[in-house]
Amino acid sequence: MVAFDEMRPDGADVREPYRRYEGWLSAQDAARLTEKMTDAERVFRRTGITFNVYGDNEAAERLIPFDIVPRIIAGREWRRLTQGIEQRVMALNAFLDDIYHRQEILRAGRIPRELIAGNEAFLPEMIGMKPPGGVYTHIIGVDIVRTGEDEFFVLEDNARTPSGVSYMLENRETMMQLFPELFQSVKVRPVENYPQLLRQSLGRVRPNGCTKEMPRVAVLTPGIYNSAYFEHAFLADQMGVELVEGSDLRVVDGCVAMRTTEGYKEIDVLYRRVDDDFLDPLTFRSDSALGIAGIMDVYRAGNITIANAPGTGIADDKAIYSYMPEIIEFYTGRRAILGNIPTWRCSEDDSLKYVLEHLHELVVKEVHGSGGYGMLVGPAASKKERETFAAKLKARPGNYIAQPTLSLSTCPILTDAGLSPRHVDLRPFVLVSDKVQIVPGGLTRVALKQGSLVVNSSQGGGTKDTWVLDD
Amino acid sequence: MLLGRTANGLYWMNRYIERSENMARLVDAGLRLALTRTADASDEWASIVASAGAADTFRQRHSEFNAETVSDFLLRDPTNPGSVVSSMETARSNGRMVRTALTRETWESINDGWMSIKRMLANPIDGRDLPAILDGIKRETAIIRGSFHGTMLRNEIFDFSQIGTFVERADNTARILDVKYYVLLPSVSWVGSTLDNYQWESILRSVSAHRSYRWVYDAEYKPSLIADYLILNGRMPRSLAFCYRNIAESLNFLASEYGVRHSCHDLAESVLSRLKVSSIKEVFDQGLHEFLTDFIGDNSRLGSEIAQNYRFY
């Protein structure tokens, strides 16, 4: 299986978007590039752009490896991607609104009822609840993979609390520091206004009763030991808003307020990076120390915006994912611009049978899993691993979906032996308020191990700066 | 507007940075004393540990007071919460927590300092490297302070940081004086006499004041003058008077910014007024030990009142 290389397909000529960059690259001295690579690592470590790995005491804080070869997307390619993404996030929000109100899509028999009713990500507390501005999922990360010149697929919708946007911004910052001359010869569209857009976007979905000219926004973090803490602090800092923890907040006079040196001050919009389960110990997990007791009552009374809304997980669940083409058609009346990857739902007998027979060529994922944990990459697994997995699969078929092993596109990385292709994916970040905004770029994740298809940072993946050309 | 938790984080971050630096100075003074005296140096090392307020914890870990055990304990023992390694760890966690309140330069200097101090102290200290390590620690904390003063806006964030620094420094100077006088001055009648030069110099050295003392007093080391210098001299950056002038100033900025005075303001003013006595003789008449004990108590009470008044928790 030969993968599509985005720089040189089949080792042939350099593709158009990479032409100027390649011209610059071939004139560079190898030793200087290696030096730049070390510089980049030092920048990241100094800035403290680290992430914590769960259950790994040795390296409590690790750097996500950064590769200095950019991943380049042509303006034309990007326009098509954004149309597809925009259509998708509109459908996701319409689906959420429907599923928590009239459930037309279930009545129409387009998706099975039990998929919703028996789903942990479906929050009964949200039934009949209209979030401010009618927006459910405000910040979305859509994971996209490429397999050929014009073949893009959506791998996953992250509609809960997608992370990684700080890497998009810091990667660009680092590249501009390392190679200022490159940005003069190649016209790359800027991404640096993302924090301002985020702040404005959050402001536009303020609670109806909020009449302040500048609504008060805060970022809610689980704290410094969370794996994405750097990002939480980074975004709060760049937006110029407070970074709060659950212990800073309490309900005062029907509003959520934060404890300041001058007393309690009301918050209008909370960008929370805490999972649903931990948001309100009175409504969800009672042992949660990360949330705010009573915030759901304030929310229902319409006195605070929670972004993303609780219960959005029902839209990015992997079992729901397989119905996305139907969902998009149902709410937009058009066919999906960006395709899904064919998916077998193991809950269905025929599919389960097929999956068990073809385990060696499929990727099997847990419906509720994330971060690349609990999945089986058939072609890379040993016979024994496949057998163990088959047993798990037979025991709880409803817990799994399967997809063909896609030949993800590759992009070169700089290794000690020169350029070498590695598989990549792409996560653009989308903001939804009364409009949809997508910054031209995103997070490119790259599998650093030769041949590996797993790009997750928790499993040894790295990142690249993503360039969208202004052409 | 500042979160109470952020004010708390800034206060402690600065206390711990100050503490790291003070530990390095203390060990430096001990080292100098041990090098310049021919007799057994274990008493000096014991008094260094006492000055650090860690005698009990030390005894649980070691039986002998010498350069190796004391410097290991005060610099790199992670089980000693006041060691340089532990203090930098706490300072840096607080820094991460209040990251959004700091300039990029300030945060990076803390993160850098934490990394390089951890590296310096990763392995047991070879006595030959001790002077270089102590220099390294002092240099890192100096860079943090420099970035902080050079880049931070003079607002409430700055005020809470300053208060943390000076509460810690005042506590440190008061403890050194108290412990040393107890050890070095067997009876009050010795106050006016000239004693073993090295010992006096060590007190001054532990607050980096051995040279400046001569600029100010142009005299022999005398217990009364040293006390005057470290307690009442408003120009000496580690004296109690200097610390409290700064604390009071920062608290007054907060009062005018917020438009509210609290109980901590009254307490700080009352401590400051006691440091404005005309001569050190009044302090000795009252009893130096009593004076310092009261001061240390008030200083720590001030910390709790600030925490309460400004809703740290």
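Residues are numbered from 1 along each chain as its sequence is written, while chains are lettered from A and ligands numbered from 1 in the order in which they are written. Because the model is predicted, local features need pLDDT of at least 70 and side-chain atom pairs count only at pLDDT 80 or more, whereas totals for chains, interfaces and linings use all residues.

Chain B is divided into domain 1 (1–152) and domain 2 (154–313), with bounds that come from an automatic or database domain assignment. The C-alpha centres of these two domains of chain B lie 20 Å apart. In chain B, 28 residues of domain 1 are in contact with 28 residues of domain 2; two residues are in contact if their C-beta atoms, placed from the backbone, lie within 7 Å. On the domain 1 side, the elements that give two or more residues are α1 (4–36) and α2 (42–51) of chain B. Helices (H or I, at least four residues) and strands (E, at least two) are DSSP runs, numbered from the N terminus. The largest share of this side of domain 1, 19 residues, is supplied by α1(B). The side divides into 13 nonpolar, eight polar and seven charged residues. In this classification, Ala, Val, Leu, Ile, Met, Phe, Trp, Tyr, Cys and Pro count as nonpolar, Asp, Glu, Lys and Arg as charged, and the others, Gly among them, as polar.

Between the chains, 18 residues of chain A are in contact with 19 residues of chain B. The elements that give two or more residues to the chain A side are α2 (30–47), α9 (229–239), β7 (242–244) and β9 (255–260) of chain A. This side of chain A comprises six nonpolar, four polar and eight charged residues.

Strand β9(A) also belongs to an open sheet of three strands in chain A, ordered β8-β9-β10 with antiparallel pairing; two strands pair if DSSP finds at least two bridges between them. The edges are formed by β8 (249–252) and β10 (263–266) of chain A, each with a single partner strand, so one side of each is left without a neighbour in the sheet. Four bridges join β8(A) and β9(A) in the antiparallel sense, and R250(A) stands opposite A257(A) in β9(A).

Elsewhere in chain A, five of the five residues of strand β22 (residues 443–447) are buried, so this strand is largely enclosed by the rest of the structure. A residue is buried if 20 or more other C-beta atoms lie within 10 Å of its own, exposed if 12 or fewer, and partly exposed in between, with C-beta atoms placed from the backbone. L443(A), R445(A) and A447(A) point one way from β22(A), and T444(A) and V446(A) point the other way. Strand β19 (residues 418–427) of chain A pairs with β22(A) in the antiparallel sense over four bridges, and V446(A) is the bridge partner of V424(A). Strand β23 (residues 461–468) of chain A likewise pairs with β22(A) over four bridges in the antiparallel sense, with A447(A) opposite G461(A).

Most residues other than glycine have a negative phi, and most peptide bonds are trans. In chain A, a cis peptide bond joins A307(A) and N308(A), with omega about -10°; N308(A) is placed in the loop between β12 (305–307) and α12 (313–316) of chain A. Phi of S208(B) is positive, near 50°, and S208(B) is placed in the loop between α9 (197–206) and α10 (210–217) of chain B. S208(B) is partly exposed, with 16 other C-beta atoms within 10 Å.
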